[in-house]
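Hi,

Here is the structure I promised to pass on. Have a look at it first, and then read on for my notes.

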Amino acid sequence: MTKPVILAVDDEIQVLNAVERDLLSHYSNDYRVFKANSGTEALELVKKLKQRNSSIALFLVDQRMPGVTGIEFLTEARKYYTDARQVLLTAYAYTEVAIASINTIGLDYYLMKPWDPPEQNLFPVLDELLAEWLITAKLPYEGIRVAGTLWSAKSHATKDFLASNRIAYQWLDVEKDPEVRLLIDSINEGKAELPVVFFPDGTVLSAPENRALAEKIGIRTQAAEKHYDLIIIGGGPAGLGAAVYGASEGLRTLMIERHATGGQAGTSSRIENYLGFPKGISGSDLARRATDQAMRLGCEVLTAREVTQVRIEGNYKIVTLDDGQDLTCLALIIATGVTLRQLDVPGVKELQGAGIYYGAALTEAAHYKGEQVFVIGGANSAGQGAIWLSQFAKHVTILVRGSGLVEMSRYLIDQINATPNINIRAQSVVIEAKGRTRLEQIVVQNVDTQEPETLEAAAMFIFIGAVAHTDMVAGLVERNPQGFILTGSDLYQDGKWPKTWKLPRDPFLLETSVPGIFAAGDIRHAAIRRVASAVGQGAHAVSLVHQYLKTV
Ligand SMILES: Cc1cc2nc3c(=O)[nH]c(=O)nc-3n(C[C@H](O)[C@H](O)[C@H](O)COP(=O)(O)OP(=O)(O)OC[C@H]3O[C@@H](n4cnc5c(N)ncnc54)[C@H](O)[C@@H]3O)c2cc1C
């Protein structure tokens, strides 16, 4: 824990040095002693310390300074540090000013100069004030802090990126906390764009891109080599399964993930049906364990990097990253999974991040304590989301288009039935979202009667089907009309293999229409969307990679 600060301010350098010497002799074990030569310099220091989230326990300030006086400095400084103790150093002739400021700024004490001997005239007073301060002091959070507004898509995106990558942070609400507002105003002349991210080393990033955040945190974003045996696109369960087996079986393996390893599974509050975890496991924990395992076994993992294109040159597969950089490999596994389909009705786009979220938005759920929230969709992910949200919200309504939870697993339906603050509203669709700065109401229509009804809603969590991510291989590998990738026997249509398949052998089970390019997990045509199947296919794809590599 970083020690709190005692800040001494005096324009007379000899006096300042003497104060510093005395303070260090008595307090250096428990406090850091800083000094400033003027009120202006001291204020700059106060702002910097606030940005670094250091705590200031005590100001010891000369009253009579040119420019900013001691009281003027304290008036400003206490806006940043409301609970710091304030002591004025004053000459006999100025005691009246000091006494008056006990009322005006809540001065704790004034000390006459000179204070020799300090054991008698300085330390007893300061000891008492510091002891008082310690009782109520809120010791600062020493990790990353994110300051923003709750109802903002950009702030949500930054929090989501950190949380998905399992990076702890403290949330500071600019609208609720005047000290945070002041802190933001002290950056870049008040022009800093939100959210602002504060790092423990004093670095501040304003509205950062995910890649910049990742680099600052120390998450790898650059490949160490130009060429690999195996590149895996996507770091969900399928990609991680492939990474663990590829690296452990001696292939030089690189996995590229555009957001956070764990994929969809990483966003699940509790996965209850994954083998080996009888009490279930949170998606975040599973993702962390699998990522650590893949890296320990030698897989290189890039995060916050997107693959935008794949092409073939001879036996080489060339993967283009979002900045245009090319990486080559002998075998490629596409494990880009799916994302939740967007709900295309009026008001949703505008309020995304401000009460409307895709998925369970684990970072946001706690903000809806005691509120009415809605979950849209009837599959397993929606059921898990509803159970998770019911711990915080007063009431959760699951809206489904059909007659009930027909697509959901029995164990989830049982849990939902046993949770008193969840109800199901069948045959209902959302046709509009309303709210000025955040979601306030949704308009729900009955699919039979077409009757609309407006309902109060603090938040809406959407889980309505899946969209494939395969643009980067469009025109290269065979896909179904929805963009899902065809592999193995799925490629055999109308009694023949695709025209592009020239080899005398049939494609391997998870091989695409291009030899050496494989697909695993949810991205495959007609995939069973489960964590275990994705992991299994990732592992299986690696064994097929070995077979393929023997042929090139
Ligand atoms: C909320 C929720 C709860 C679920 N709960 C369960 C459960 O309890 N049990 C169960 O068995 N299944 C569950 N599932 C389903 C399960 O999570 C998925 O089947 C599984 O995650 C699929 O894994 P995947 O690796 O194929 O794809 P994904 O998990 O979708 O991972 C794909 C990854 O690829 C990345 N990516 C995409 N495009 C690119 C690109 N161009 N460049 C780089 N990276 C890219 C994505 O960012 C993503 O991280 C749940 C799903 C959700 C959404």
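Not counting residues up to four places away in sequence, Thr221 touches Arg211, Ala214, Glu215, Leu302, Thr303 and Arg305, where a contact means heavy atoms within 4.5 Å. The side chains of Thr221 and Glu215 also make a polar contact at 2.8 Å. (A polar contact is a pair of N or O atoms within 3.5 Å; within protein, one must be able to donate a hydrogen and the other to accept it, and residues adjacent in sequence count only if both atoms are side-chain atoms.) Thr221 sits in the loop between helix H9 (210-217) and strand S10 (227-233). Helices (H or I, at least four residues) and strands (E, at least two) are DSSP runs, numbered from the N terminus. With a relative accessible area of 4%, Thr221 is buried; the cut-offs are under 20% for buried, over 50% for exposed and partly exposed in between, using a 1.4 Å probe and protein chains only.

Before going further, a word on the source. This is a predicted model, in which local features need pLDDT of at least 70 and side-chain atom pairs count only at pLDDT 80 or more, while totals for chains, interfaces and linings use all residues. Residues are numbered from 1 along each chain as its sequence is written, and side-chain values use heavy atoms, with hydrogens and water left out.

Now the whole chain. It has 15 helices and 26 strands, and its C-alpha atoms fill a box of roughly 105 × 60 × 40 Å along the principal axes. Of its 552 residues, 51% count as buried. Among contacts between residues at least 6 apart in sequence, 64% join residues at least 24 apart.

H1 (residues 13-27) has 15 residues and reaches 20 Å from first C-alpha to last, close to the 21 Å expected, which is 1.5 Å times one less than its number of residues. Its buried residues include Val15, Leu16, Val19 and Leu23, and the partners they pack against include strand S1 (5-9) and helix H6 (123-136).

Thr158, in helix H7 (residues 153-164), counts as buried at 4% relative accessibility. Leaving aside neighbours within four places in sequence, Thr158 is in contact with Val146, Pro195, Val197 and Leu213. Asp494, by contrast, is exposed at 74%, in the loop between strand S25 (466-468) and strand S26 (517-519). From Asp494 to Ile102 is 91 Å in space, C-alpha to C-alpha, and 392 residues in sequence.

Cheers
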